[in-house]
Amino acid sequence: MNRDDTEMLRDIQRNTEMAMQAIDTISDKVYDDDLAVQLSRQALKYSELHNRALDRILEGKAEPYRTNNLSRMMLVGGIHANTLLDTSTSHIAELLIQGSSRGITDMCRSMNHHQNADVTSMEIARELMDFEEKNIERLKKYL
């Protein structure tokens, strides 16, 4: 496994871990049953993509992404701060859309920086980006 593959797969892991952590943190604040179901489905898909990236890294005998506790604390703190005064379904959907947009941007940057990654790694990255775009479309109805 080349360096670009390893870095791309770590970026996929980081992106999906952040998404799962965000969903886990914000789920307690969701009072709309349809949105709660939507978030559960998203978390499941993020988990699947994360595990596929992790499996590829381990097959290549590379070191997987390790979560940075500071980043995690900043994410959780940011979510709590942003929902302190407004836990409306619309506001939560807006925060989730912003997160998915950042995820798309990060994956696009990673794909551009790691162009020597193999086809399978690129496919997982594209699948994650497509999933993020679909999430945005699904969440728009809650705005």
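Q: What percentage of the 143 residues in the protein chain is buried?
A: This is a predicted model, where local features need pLDDT of at least 70, side-chain atom pairs count only at pLDDT 80 or more, and totals for chains, interfaces and linings use all residues. Residues are numbered from 1 along each chain as its sequence is written, and side-chain values use heavy atoms, without hydrogens and water. Buried means under 20% relative accessible area (1.4 Å probe, protein chains only). Of the 143 residues, the buried share is 43%.

Q: How many helices and strands does the protein chain have?
A: Both are DSSP runs, numbered from the N terminus: helices are H or I with at least four residues, strands E with at least two. From the N terminus, the order is α-α-α-α-α. The count is five helices and zero strands.

Q: Are α1 and α4 roughly parallel or roughly antiparallel?
A: Helix α1 spans residues 3-27 and helix α4 residues 89-113. They pack at about 175°, axes 10 Å apart. Axes are lines fitted to C-alpha atoms over the stretch in contact, and angles run from 0 to 180 degrees between N-to-C directions. Angles over 145 degrees count as roughly antiparallel, so α1 and α4 are roughly antiparallel.

Q: Which residues of α1 make the contact with α4?
A: Contact means heavy atoms within 4.5 Å. On the α4 side, the contributors include I92, L95, L96 and G103. On the α1 side they are D4, M8, D11, I12, R14, N15 and I26.

Conventions
Parallel < 35°, antiparallel > 145°, perpendicular 65-115°, else oblique. Buried < 20%, exposed > 50% of the residue type's maximum accessible area, 1.4 Å probe, protein only.
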